[in-house]
Each structure stands twice: as structure tokens, then as C-alpha cells.
Amino acid sequence: MKSLVVANWKMNPQTFREAKQLFEATRRAAESVRSVSLVVAPPALYLRELKRAYKGRKISLAAQNAHAAGSGAYTGELSLTQVQDAGASYVLIGHAERRAAGEGNDDVRKKVAAALSTRLAPILCVGEATRSPRGEHFLYVAEQLQAGFADVLPGKANRVIVAYEPVWAIGTQKSMTPADMHEMAIFIRKTVQGKGHNGLAIKILYGGSIDERNAHDMIERGDVNGLLVGRASTEAKKFADLLEALHES
Ligand code: PEP
């Protein structure tokens with residue numbers, strides 16, 4: 001089974017020229033890694049042109065966000081249909097950096113349901129800010145999952161990909177251990193199952209300080225179907241090394 005690797009470029013690079021160079025380096029690195037399906041999530045502004053220039057099938061594109069409403073007076077926003085029309089096949093929903101900017105569980109609920117009415121596959125991001133010895137982080141993640149799946153019709157849940165990204169591990173040097181991820185993956189499947197869906201069919205990604213040193217181990221022992229990679233995906237050499245590390249997976 002192929003691993004799904006999602007490269008979240010965030011608000012990088014600063015020019016389309018650099019974006020094309022990064023995409024080309026990523027493409028070259030990804031082409032030979034048969035065990036990986038790659039999704040690149042560039043700034044939405046670059047989607048259409050990257051899609052137009054890329055003729056292969058190895059890489060799909062994602063939007064980093066989109067609005068739940070179909071159209072209307074939402075200055076500065078992009079609709080799901082617009083990002084799909086620009087070339088995205090996936091959309092990140094509820095990324096920790098958007099939640100930090102004010103996006104709540106209710107917004108996430110609407111976005112996941114709206115994405116499922118398009119052809120986009122929603123990547124629902126969840127994850128706690130801190131861990132406690134009493135396990136309160138499980139309750140926090142459960143709440144995020146319950147909101148994310150609240151309006152998902154039975155039979156559609158397996159189109160939702162859950163990206164577990166503990167906030168304390170994003171952009172740090174502190175990745176989670178595969179053993180802790182394995183425990184969280186079981187919890188995620190059980191929680192989704194508790195909402196009346198097939199928890200075992202849910203694809204789970206891990207994100208948070210993944211690079212060439214820990215990617216392979218997380219895939220091997222973390223009970224995940226793939227990885228969501230931030231920083232390391234915007235450095236061509238580092239990302240090529242990461243993909244190379246997954247070559248043997
Ligand atoms: C992210 O923001 O989705 C992420 C995983 O970031 P990083 O890899 O930089 O921790």
C-alpha cells in the first residue's frame with residue numbers, strides 16, 4: 001500500500017519562479033519513489049499554473065484552505081469550487097495555523113461537509129496544543145473529530161483523510177514517537193467508528209517535525225497511511241532525502 005505524503009508549503013516560496021523550481025525538484029525526487037503518492041499544497045495562487053505545467057500522474061495538488069460557502073460576499077476568501085477548478089484534488093481543513101488564527105470546530109464541520117459535495121478530498125487536521133498525563137488531549141482530539149465528522153453522511157466518511165498534527169510538534173524539533181502515534185491512531189479510528197462510520201477505513205496522516213531522519217520510522221511503526229510535511233517540504237534537498245528515506249518503506 002502506497003504512503004500518502006502531503007507537502008504543505010504554507011506561505012512559501014515568495015515568487016512563482018521559485019515555486020516552479022521547488023515543484024520541479026520535488027517532481028524529480030518523487031518520480032522514482034514508487035511507495036509514495038505525493039500531494040503538494042502550494043499557496044493557492046500557484047495552483048493553476050503548476051497544474052497546467054505538470055503532465056505526470058504522480059503528484060496531485062491540494063489547497064491549504066477554502067471557504068465553506070459556495071459563493072458570495074467573502075472578501076479575500078476562495079471557494080472549494082474555485083480551488084478545484086484551479087487544479088486541486090485535496091483541501092486541507094482546520095490546519096493548526098488556521099485554528100490559531102480563529103478557525104473553530106464549527107467552521108471545520110461546515111468545510112468538511114462542503115468539500116464532500118465537491119470532488120475534493122478533505123484532509124481534516126486535528127491535534128492538541130499540549131499533552132497531559134491524565135490524557136486530556138484525547139478528549140480534545142475527540143471533540144475536533146466529532147465536529148469534523150458531524151455532517152458527514154454515512155458512506156462518505158472514507159473520503160475524509162485525518163491528519164493528526166499535535167501543535168506542540170509543528171515547526172519544532174520535537175516529533176511524536178511512533179508508539180505514541182500508534183496509540184493515537186487507534187483512538188482516532190475508535191472515535192470515528194463511534195460516529196457510525198467505518199473507523200478502520202479512515203486514512204490517517206501524521207504531521208509535526210517530520211524530516212528525512214524520522215519519516216521512515218513513523219511510516220513503519222506509527223500505524224499511519226502517510227505524512228503531512230511542512231518545513232522539510234520547502235527545502236528541495238531535504239525533501240528529496242525524506243522521499244529517499246521512504247523508498248525502502
Ligand atoms: C504542518 O504545518 O503541517 C507541519 C507538519 O509543519 P512542520 O513539518 O514544519 O512541523
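What do the buried residues of helix 9 pack against? They pack against strand 1 (3–8), helix 1 (16–31), strand 2 (36–41), helix 8 and strand 8 (226–229). What you're looking at is a predicted model, where local features need pLDDT of at least 70 and side-chain atom pairs count only at pLDDT 80 or more, while totals for chains, interfaces and linings use all residues. Residues are numbered from 1 along each chain as its sequence is written, and side-chain values use heavy atoms, with hydrogens and water left out.

**The whole protein**

- Count up the secondary structure and you get nine helices and eight strands; here helices (H or I, at least four residues) and strands (E, at least two) are DSSP runs, numbered from the N terminus.
- For 249 residues, a compact globule would have a radius of gyration near 18 Å, and the protein's 17 Å agrees with that. That radius is taken over C-alpha atoms, and the globule rule is 2.2 Å times the number of residues to the power 0.38.
- Along the principal axes, the C-alpha atoms fill a box of roughly 45 × 45 × 30 Å.
- Buried residues make up 51% of the 249; buried means under 20% relative accessible area, exposed means over 50%, and partly exposed is in between (1.4 Å probe, protein chains only).
- Take the contacts (heavy atoms within 4.5 Å) between residues at least 6 apart in sequence: 71% of them join residues at least 24 apart.

- Eight strands make a closed barrel in the order 1-2-3-4-5-6-7-8, with parallel pairing; two strands pair if DSSP finds at least two bridges between them.
- Strands of a sheet pair through backbone hydrogen bonds, either parallel or antiparallel.
- Strand 5 (residues 121–126) runs parallel to strand 6 (residues 161–164), and four bridges join them. Ile123 has Ile161 as its bridge partner in strand 6, and Leu124 stands opposite Val162.
- On the strand 4 side (residues 90–93), strand 5 pairs in the parallel sense over four bridges, and Tyr90 is partnered with Ala121.
- Six of the six residues of strand 5 are buried, so this strand is largely enclosed by the rest of the structure.
- Ala121, Ile123 and Cys125 point one way from strand 5, while Pro122, Leu124 and Val126 point the other way. In a regular strand the side chains alternate between the two faces of the sheet.

- Helix 6 has 14 residues and reaches 20 Å from its first C-alpha to its last, close to the 20 Å expected at 1.5 Å a residue; the expected span is 1.5 Å times one less than the number of residues.
- Among the buried residues of helix 6 are His137, Phe138, Val141 and Leu145. The buried residues of this helix pack against helix 4 (96–100), helix 5, strand 5, strand 6 and helix 7.
- The buried residues of helix 7 (residues 178–194) are Pro178, Met181, Met184, Ala185, Ile188, Arg189, Thr191 and Val192. They cover an arc of only 160° around the axis, which puts them on the same side of helix 7; the arc is that of the directions from the helix axis to the C-beta atoms.
- Lys190 and Gly194 are exposed, on the face of helix 7 turned away from its buried side.
- The cover over helix 7's buried residues includes helix 6 (136–149), strand 6, strand 7 (203–207) and helix 8 (215–221).
- After helix 7 comes Gly196, whose phi is positive, near 90°.

**Back to helix 9**

- Phe239, Leu242, Leu243, Ala245 and Leu246 are buried in helix 9 (residues 236–246). Seen down the axis, the buried residues of helix 9 fall within an arc of 155°, so they line one face of the helix.

- Lys111 lies in helix 5 (residues 105–116) and is buried, with a relative accessible area of 7%. Not counting residues up to four places away in sequence, Lys111 touches several residues, including Asn65, His67, Arg98 and Glu103.
- Met218 is found in helix 8 and counts as buried at 1% relative accessibility. Leaving out residues up to four places away in sequence, Met218 touches residues including Met176, Met181, Tyr206 and Leu227.
- Met218 and Lys2 are 216 residues apart along the chain, and their C-alpha atoms are separated by 14 Å.
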